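Subject: Structure for you to look at

Hi there,

Here is the structure I promised to pass on. Have a look at it first, and then read on for what turned up.

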Amino acid sequence: LSNQKVDIVAQQQPLLQNACPSNSILHNGECQLSTYDTSSTITLGYQSNISHITQTLEDSRETASRIKDFPWNFSPECFSTEATEEPYCVFSDQNFASGRGIFIITTKTLAYAMLEKDAFTRPETLSRMNHFENPPFYKHDFPGKGRGLVANKTLQRGDQLFASTPILITDPDLYDLPNSERLALMHRGIETLPVASQRVFWELMGHTDDDPIDDRINTNNFEIAIDGVSQSALFPEIAMLNHDCRPNAAYFFDEETLTHYIHAIKPIYPGEEITITYTNNEEERSERMRRLEKNWGFKCACSTCTAHPHLVEESDARLKHIAALQKVLDDWTPASSATPAVAELLISLMQQERLEASLSIGYKHAAEVYSSFGMKWEAVKYAKLSVELSMLDKGWTDRDVWEMKKMGENPEMSWSWQKRVGLVAKSAGCGCGGRH
Ligand SMILES: C[S@@+](CC[C@H](N)C(=O)[O-])C[C@H]1O[C@@H](n2cnc3c(N)ncnc32)[C@H](O)[C@@H]1O
């Protein structure tokens, strides 16, 4: 779907010309931020809560330009405390992703590790990313939800909706710094972004009265992992997607290209809202609702959250059952009661619950349990089903995908092959008698 491109930036311009955010000014038809002055004081109306940055933006650009082969466009501003092993700094590259730009607030060690990724070392790997023209959806205002994205054509499972690079990455450990210093780094980061990226940033929605930059980042960011370290990343176009506990799209982050992918995971018809999940949908309704309200400030009104109490009770019971069955299937001790019938029940419950993305795990359990009873073709069938869905929900470089690909090719070579033969074949409901 590389030619189905999305131009959210273009759609946003008319809006901006009518009303610039209060902390920016209209200049040459564009909203431009006035977040610093020449005496290097941040002037966002929150300045009493924000620490001073040592250099003006222009001085910092000038300093960076004088250092030979310096990978950043501004000399990094840093803060540290006794609690931090290394200072936290803001590193900014305005040329990243063909001029979309990025800033990263983390330690020097982690920032320079990110510089080793293909996204920086082989910019050509980003040629398929950030194409926002002719999207298969349009933006729509939903009462009580704000903006969301609605399909304008039929989408099939596997259709790509976004492949975007972040405009900012922040380290969750930044909270080790005093708030005023953490905010100072984030404000400086926003100032360093190219104007077009600042503009899409200010278009984002917040949900609290807190600092406007902090609020927008917290409302819209995604948790990602780079080299096993958790980070937060912001993909402003993707942030237009609203939550549903039974979403029709899934996402994953590719570490090498620093790209967030969104794909349809079931057919989506014209006029239908495209949704992702913000939370763990295998949790019961009350817990999902609590998390969504706490972290994003809304009362979930999706169909599973607003169903009749009798239906909610049944759904919660299924979710409990799903959790219990996964425990059984994860048990590889000789006492395990895992059988193919248990995996078939797990899959059936996930389908009843419309947990499309979770099914990749259900299929993986099934592939492994069939393999463990030496039932080759059933193992192959479920391994292939798992690969298809996992690639959309976890990404093509994920370990589970790799394992299931191998299983799909040759179950006899997998670690689980015939592991349970003779162990529980006698147990009721095995569904595998006489096959091995
Ligand atoms: C990442 S933004 C999503 C885009 C947002 N609707 C907008 O207009 O920019 C997250 C915010 O959207 C709103 N939101 C997302 N999903 C929602 C839902 N299912 N019900 C109500 N509000 C929702 C909440 O205010 C949440 O804090």
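The crossing of α12 and α13 is left-handed. In this predicted model, α12 spans residues 359–372 and α13 spans residues 376–393, and the two helices pack with their axes 8 Å apart at an angle of about 155°. Angles over 145 degrees count as roughly antiparallel, so α12 and α13 fall into that class. On the α12 side, the residues that meet α13 are Leu-359, Ser-360, Tyr-363, Lys-364, Ala-366, Ala-367, Tyr-370 and Ser-371. Their partners in α13 include Glu-378, Tyr-382, Leu-385, Leu-389 and Asp-393. Sorted by class, this contact holds 10 nonpolar, 4 polar and 3 charged residues.

Helix α13 also packs against α14, which covers residues 399–409; the axes of these two come within 8 Å and cross at roughly 150°. That angle makes α13 and α14 roughly antiparallel, and their crossing is left-handed. From α13, the contact draws on Ala-379, Val-380, Ala-383, Lys-384, Ser-386, Val-387, Ser-390 and Met-391. From α14 come Asp-400, Val-401, Met-404, Lys-405, Met-407 and Gly-408. By class, the residues here split into 8 nonpolar, 3 polar and 3 charged.

Arg-318, His-321, Ile-322, Leu-325, Gln-326, Val-328 and Leu-329 make the contact from α10, while α11 contributes residues including Val-342, Leu-345, Leu-346, Leu-349 and Met-350.

Now for the wider layout. The chain is divided into domain 1, at 8–276, and domain 2, at 309–413. Where the domains touch, 9 residues come from domain 1 and 9 residues from domain 2. Which strands each supply at least two residues of the side of domain 1 that touches domain 2? They are β13 (249–254) and β14 (259–264), and β13 gives the most, with 3 residues. That side of domain 1 has 4 nonpolar, 2 polar and 3 charged residues.

Finally, a note from the records: an unreviewed UniProt entry carries the annotation "domain: SET" for residues 135–279. Over residues 135–279, the chain is 21% helix and 34% strand, and the C-alpha atoms at the ends are 26 Å apart.

Enjoy exploring it, and write back whenever you like.

Best wishes

Note on methods
Residues numbered from 1 in each chain as written. Predicted model: local features only at pLDDT ≥ 70, side-chain atom pairs only at ≥ 80, totals over all residues. Domains from an automatic or database assignment. Contact = placed C-beta atoms within 7 Å. Helix = DSSP H or I, 4+ residues; strand = E, 2+ residues; numbered from the N terminus. Nonpolar A, V, L, I, M, F, W, Y, C, P; charged D, E, K, R; others polar. UniProt positions renumbered as here; feature names shortened; annotations may be inferred. Axes fitted to C-alpha atoms, helices over the stretch in contact; angles between N-to-C directions. Parallel < 35°, antiparallel > 145°, perpendicular 65-115°, else oblique. Left-handed = near helix turned anticlockwise from the far one by under 90°.
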